[in-house]
Amino acid sequence: HFIIIIIIMKLKIYNLIILNHHYCDVDMAEIDHFMPLLMQHEEEGLLCPVLSHGSVHFMWIKHSNLYRIFYKYLMSALCVTQVFTEYFKELEEESIQDNFVVVYELLDELMDFGFPQTTDSKILQEYITQEGAKLEVAKSKVPTTVTNAVSWRSEGIKYKKNEVFIDVIESINVLVNANGSVMSSDIVGSIKLKTMLSGMPELRLGLNDRVLFALTGRDKGKTVTMEDVKFHQCVRLSRFESDRTISFIPPDGESELMSYRINTHVKPLIWIESIIEKFSHSRVEIMVKAKGQFKKQSVANNVEVRVPVPSDADSPKFKTSTGNAKYVPEKNMVVWTIKSFPGGKEFLMRAHFGLPSVENDELEGKPPITVKFEIPYFTVSGIQVRYMKIIEKSGYQALPWVRYITQSGDYQLRTNV
């Protein structure tokens, strides 16, 4: 089980512990081994989220200049980090120090002897506030949502206009080698809700799920096979397992209803061809061609093509057929920005850099070209919301709105240079 939380700031000379919370007896001296282990793994290029020293395992997460170290459960690390971020917006040393009382209150409510308990920040904010006076008053009356069967939603919610907004967001992960072959690809999706519904409504969501269609004998049209499906706690898992119905009483406001992965071959939506020529002691010439390999009626917004350049390059000159390019020396890259990229179009960017006459002795790797983009009204997997039924005992009419978005995830294209 979860034993101890320590929030620590990374310093090269010594460790500064900002905050710690014990849930069970453990030797505090164990934390002294964390920073040397971290620095050793960094130097060896073997950094991972789990570090071990003897029988002790450190699960850590870095946020800004802070490290959160958790023994035993990484899940606890994730939920604590998310709640702190939603409470304090910017999770930094100053926000922790300015809110010590609230932080300890949250840790007591989030965990019970190290096991996750109440992890919904909306519910926690009903009785743990960032104002001391309110905190004392609120303590006397804990919301019924904490002990309700439906702990994620308060009673008595009312709206003049009842609506629910559904966002289907898919991120594409693609790795293309220097020869232009797709080495790996998959789709990571999530369905997010913004519910503005009165009372305690029951919602039923229907997708073009291939397993569902096969069960009902309606295997027609475009269907998708979802893997690694994860649901919000509001979803009735037994109902989904029996007949694939996604039935739930939603949290109020914004929430992530579910996430999924689709393991399939994905054609890169924005294809990049590059020629990078390096002339020793002289210059670097870069030519990048970007082509939209998606439907002509769709448009990719805020496209960024990030092209690596040598660390000793200087005197940049650019020429683009659209958009604009700029040199980012602190990251050793050129960023080519295209605000609107229609499907089927091709654009070109050329860059010229000078190189010093003295050769750089440092060995540099071959970082890939990366691409960032967002395409609205489109999902690469073809997933669809077939229906959203909203049932509430008062019988009011509610409007569901659906929006589809495809965006880049880990999108990399390797180069020969």
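Keep in mind that the model is predicted.

First, the chain as a whole. The protein chain has 8 helices and 23 strands. It runs to 417 residues, and 45% of them count as buried. Among contacts in the chain with a separation of 6 or more, 69% are between residues 24 or more positions apart.

Now the sheet. There is an open sheet of 9 strands with mixed pairing, in the order β11-β13-β9-β8-β23-β21-β16-β19-β18. At its edges sit β11, residues 227–231, and β18, residues 324–328, each pairing on one side only. From one strand to the next, the twist averages 15°. At the β11 end, β11 pairs with β13, residues 253–262, in the antiparallel sense over 3 bridges. F231 has M258 in β13 as its bridge partner.

On to the aromatics, where the count is 5 pairs. Take F318 and F353: the ring centres are 6.0 Å apart and the planes stand at 75°, so this pair is edge-to-face. F318 is in strand β17 and F353 is in strand β20, so the pair ties together parts 35 residues apart in sequence. F318 counts as partly exposed, at 30% relative accessibility, while F353 counts as buried, at 0%. F373 and Y411 are also an edge-to-face pair, at 5.3 Å centre to centre and 90° between the planes.

Last, charges over rings. R283 lies over the face of F279, 4.0 Å from the ring centre. K389 has its charged end over the ring of Y387, 5.2 Å from the centre.

Conventions:
Residues are numbered from 1 along each chain as its sequence is written. This is a predicted model: local features need pLDDT of at least 70, side-chain atom pairs count only at pLDDT 80 or more; totals for chains, interfaces and linings use all residues. Side-chain values use heavy atoms; hydrogens and water are left out. Helices (H or I, at least four residues) and strands (E, at least two) are DSSP runs, numbered from the N terminus. Buried means under 20% relative accessible area, exposed over 50%, partly exposed in between (1.4 Å probe, protein chains only). Contact means heavy atoms within 4.5 Å. Two strands pair if DSSP finds at least two bridges between them. Axes are lines fitted to C-alpha atoms, for helices over the stretch in contact, and angles run from 0 to 180 degrees between N-to-C directions. Rings of Phe, Tyr and Trp (its six-membered ring) pair if their centres lie within 6.5 Å; planes under 30 degrees apart count as stacked, over 60 as edge-to-face and the rest as tilted. A charge sits over a ring if NZ of Lys or CZ of Arg is within 6 Å of the ring centre and within 35 degrees of the ring normal.
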